[in-house]
Amino acid sequence: MPVHFRWKDDKQRAITYIVDGDWNWKDYHQAVRASAFTLARVDHPVDSVIDLRQSARADLPAGAPAHLRSFGRVSQPCLTGRAAVIGLPTLAAARLDLGPGRTLPTADGFAQFVDSEAELERLLAEWAADPPAT
């Protein structure tokens, strides 16, 4: 599958959607729907990570502005609405009007864009220390 998911770590505090090779938004949304069965088994807050680093695309697929706003969608009660995105293609980054802290408001929260694994780990640690109110 061009997009698959897995837990970021053993604590299951973040679920990661990984694009691999040539992919499209249908592939991404299919993986998100499939992850619902995994997410239904947890009862603690879960953040989302979208990892675009293995994409074969030089840019995001068509319709990116609308689809980016679905990152972090709260489709399961455990999801926080916070999404970290790593590996954003340079072409897409140039077109996005990211707010302070390289964030993009989404329907249920926000997506924050990071440039490195170290930055991603710092962000996830920050989020884990500040769980959303239930």
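A polar contact is a pair of N or O atoms within 3.5 Å; within protein, one of the two must be able to donate a hydrogen and the other to accept it. Asn24 gives an example in this predicted model: a side-chain oxygen of Asn24 sits 2.9 Å from the backbone nitrogen of Lys26, and so Asn24 caps the N-terminal end of helix H1.

Helix H1 itself comes next. H1 has 15 residues and runs 20 Å from its first C-alpha to its last, close to the 21 Å expected at 1.5 Å a residue. Its buried residues are Trp25, Asp27, Tyr28, His29, Ala31, Ser35, Ala36, Thr38 and Leu39. As for what they meet, the buried residues of H1 pack against S1, S2, S3, H2 and S4.

Two of these buried residues, Trp25 and Tyr28, also pair up through their rings. The pair is edge-to-face, with 6.1 Å from centre to centre and 90° between the planes. Both residues belong to H1 and are three residues apart, about one turn of the helix. In an α-helix there are 3.6 residues a turn, so residues three or four places apart point the same way.

Now for the charged side chains. Side chains of opposite charge can pair when their charged atoms come close, and the structure holds eight salt bridges. One of them joins Lys8 to Glu121, with 3.1 Å between the closest N and O atoms. Lys8 lies in the loop between strand S1 (3-7) and strand S2 (14-21), while Glu121 lies in helix H4 (residues 117-129), so this pair ties together parts that are 113 residues apart in sequence. Neither end is hidden away: Lys8 is partly exposed at 24% relative accessibility, and Glu121 is partly exposed too, at 37%.

Another salt bridge brings together the side chains of Arg57 and Asp22, at 3.4 Å from N to O. This pair likewise links distant parts of the chain, with Arg57 in the loop between strand S3 (46-55) and helix H2 (64-68), and Asp22 in the loop between S2 and helix H1 (25-39), 35 residues apart. Arg57 is partly exposed, at 29% relative accessibility. Asp22, with a relative accessible area of 57%, counts as exposed, because that value is over 50%.

The salt bridge between Asp47 and Arg82 has its closest N and O atoms 2.8 Å apart. Here Asp47 sits in strand S3 and Arg82 in strand S4 (residues 79-86), and the pair links parts of the chain 35 residues apart. Both Asp47 and Arg82 are buried.

With a relative accessibility of 7%, Asp51 counts as buried, because that is under the 20% cut-off. The side chain of Asp51 also makes a polar contact with the side chain of Arg53, at 2.8 Å. Leaving aside residues up to four places away in sequence, Asp51 touches Thr16, Tyr17, Ile18, Val19 and Ile86. As for Lys26, its C-alpha atom is separated by 16 Å from that of Asp51, the two residues being 25 apart along the chain.

Lastly, the backbone. Most residues other than glycine have a negative phi. Gln12 has a positive value instead, with phi near 55°. Gln12 is placed in the loop between S1 and S2, and at 27% relative accessibility it is partly exposed. Arg102 is another non-glycine residue with a positive phi, near 55°. Its place is in the loop between helix H3 (90-95) and strand S5 (103-105), and Arg102 counts as partly exposed, at 27% relative accessibility.

Terms used. Residues are numbered from 1 along each chain as its sequence is written. This is a predicted model: local features need pLDDT of at least 70, side-chain atom pairs count only at pLDDT 80 or more; totals for chains, interfaces and linings use all residues. Side-chain values use heavy atoms; hydrogens and water are left out. A salt bridge is a side-chain nitrogen of Lys or Arg within 4 Å of a carboxyl oxygen of Asp or Glu. Helices (H or I, at least four residues) and strands (E, at least two) are DSSP runs, numbered from the N terminus. Buried means under 20% relative accessible area, exposed over 50%, partly exposed in between (1.4 Å probe, protein chains only). Rings of Phe, Tyr and Trp (its six-membered ring) pair if their centres lie within 6.5 Å; planes under 30 degrees apart count as stacked, over 60 as edge-to-face and the rest as tilted. Contact means heavy atoms within 4.5 Å. The expected span of a helix is 1.5 Å times one less than its number of residues.
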